[in-house]
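Please walk through the structure shown here, one part at a time.

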Amino acid sequence: MSGLVIAGHPWTFWLGWVWTVSTVTLAVWIILQRKSPVSTLAWIMSLALMPVLGFFVYAYFGPQRIKRQRLRRWHHKAAAMSRQDREALRAEYTEVPEWARQHATLIERASGLPLSSAREVELLPSGGATLQALLREVERARRHIHLEYYIFEPDQTGTELLAALTAQARAGVKVRLLVDAVGSPRLLSRHHRRLLDALRAAGGEFAVFHPTRLDRLRPLVNLRTHRKIVVIDGRTGFAGGINVTDDENEEIRSDAYRDTHLLLRGGAVRWLQYVFLQDWRYAEGPVPAPDEDLLPQEPPGSLPVQIVASGPDSDTEAIHRAMIDALNFARERVWLATPYFVPTEAALAALTNAALRGVQVKLIVPERSDSRIVTAAARSYYPDLQDAGALVFEYRGRMFHAKTLVVDERYGMVGSANFDNRSFRLNFEVAAVVFDPGFNRQLAAMFEADLSHCRRVPEIRRTPPHQRLFEAVARLASPLL
């Protein structure tokens, strides 16, 4: 091999040229994506070590832009209804803080979803409680049931829900189920095809978000729908962090994930409906025209609620911006719970700025997440937070999967987005922001209950040198996680 000569030059000469040309070409391709400088440099340095192969790695794993058409008729009708909500809220809350008005405007301009209202917001503290509430509402459905999930497992939990959906479809209720191809591979496998065939035979509809086929230029990891949305009859909605799986159902597994979900009733549900229908159209095709069944006229509620959705079809990073803005206007407390803590530079700066201003900043993360490298990367950020005065807690005993944010006394957010680059920029996510002191107290009480299962991370950790090195290396990969 050492003596191999090609066209008068040793093979190492040609290898060097292939390496150089592929690296330069790949670098130009990545730069033209116009992502953050840190992420761009991380990708270039990583893929420079993989000549030629780097093209395929970036094509399937790298950040990409996609284009989706907005459902304009749906948006116009929902927006007209939300104007009535806002007028009623202004009459009830005559002294709305300036930060709340500006924050709602930021979300609307970044995601296109305006402030709305709800008659009821119920905090669901576990997967088992969420499943029981969901089964109850599915049984009450009379017109349609729309579901969108990242993970929908064909296990005991998933089978029970599918059976309820199939029964309702057989009774004439319109059932539409959308799942992510990467998150729900077992449901899509031949072994469990009978479950979906039964749903279709009963009249239900099923779609897959971004099927992972190697004969198409489809990414295998990014551009996933990480959303968890259920809309029933256009009046009741579910959103949050809980998937359909035994792993999150404490009634089946004693070590089930600790997670949080929301049940909503009222006008805000129309925006969950809009987000679902946009995703359904993207995955499956045309959707019905707006009508009273899908967007029913709901009387304004007393709770100000705003749905915020983000994804790689937009550069506005709505959830990322909303969380940073909430951290910036905090004056008393910031209590953040997330299973994956790999913050962007802007998000880390907002957290540490809050702590340096004297705001009480508390962070709950799992002691061990389901990704060793993510756990290591998260721990590399602890000193930055602690030096600024923030308190870091690790949840012990089982996987912590809740995604919540409590700010001061009247702001609470629950959603599907982790506090990391992937949720902020690469996946489709959705969250609900509730501007209400009562809801804030409930969410804060849940946070405090979780603290009883946590260990406070000491400011000086006794970490072996090899572990410190691993954490430092994992941090370098943060823009790619």
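Helices (H or I, at least four residues) and strands (E, at least two) are DSSP runs, numbered from the N terminus. Axes are lines fitted to C-alpha atoms, for helices over the stretch in contact, and angles run from 0 to 180 degrees between N-to-C directions. Contact, here and below, means heavy atoms within 4.5 Å.

The model is a predicted one, in which local features need pLDDT of at least 70 and side-chain atom pairs count only at pLDDT 80 or more, while totals for chains, interfaces and linings use all residues. Residues are numbered from 1 along each chain as its sequence is written, and side-chain values use heavy atoms, with hydrogens and water left out.

Two strands pair if DSSP finds at least two bridges between them. I232 stands opposite T236 in β9.

The crossing of α4 and α10 is left-handed; a crossing is left-handed if the near helix is turned anticlockwise from the far one by less than a right angle, and right-handed if clockwise. On the α4 side the contact has W74, H75, A78, A79, M81, S82 and D85, which meet R270, W271, Y274 and L277 of α10. These contact residues of α4 and α10 comprise 7 nonpolar, 2 polar and 2 charged. For this count, Ala, Val, Leu, Ile, Met, Phe, Trp, Tyr, Cys and Pro are nonpolar, Asp, Glu, Lys and Arg are charged, and the others, Gly among them, are polar.

Helix α6 has α7 as a partner: their axes come within 9 Å and cross at roughly 10°. The two helices α6 and α7 are therefore roughly parallel to each other. In α6, L131, L134, L135, V138, E139 and R140 meet T157, E160, L161, A164, L165 and Q168 of α7. By class, the contact of α6 with α7 has 7 nonpolar, 2 polar and 3 charged residues.

Helix α7 (residues 156-170) also packs with helix α9 (residues 193-201), the axes coming within 8 Å and crossing at roughly 20°. This pair, α7 and α9, is therefore roughly parallel as well, and its crossing is left-handed. T159, L162, L165, T166 and A169 of α7 make the contact with L195, A198 and L199 of α9. Of the residues in the contact of α7 with α9, 6 are nonpolar, 2 are polar and none is charged.

An open sheet of 9 strands is also present, with mixed pairing and the order β3-β11-β19-β17-β16-β12-β14-β15-β20. Its edges are β3 (116-118) and β20 (454-456), each with a single partner strand, so one side of each has no neighbour in the sheet. The twist in this sheet of 9 strands averages 20° from one strand to the next. Strand β3 runs antiparallel to strand β11 (residues 303-310), and 3 bridges join them. A118 has L303 as its bridge partner in β11.

Definitions and conventions. Angles under 35 degrees count as roughly parallel, over 145 as roughly antiparallel, 65 to 115 as roughly perpendicular and the rest as oblique.
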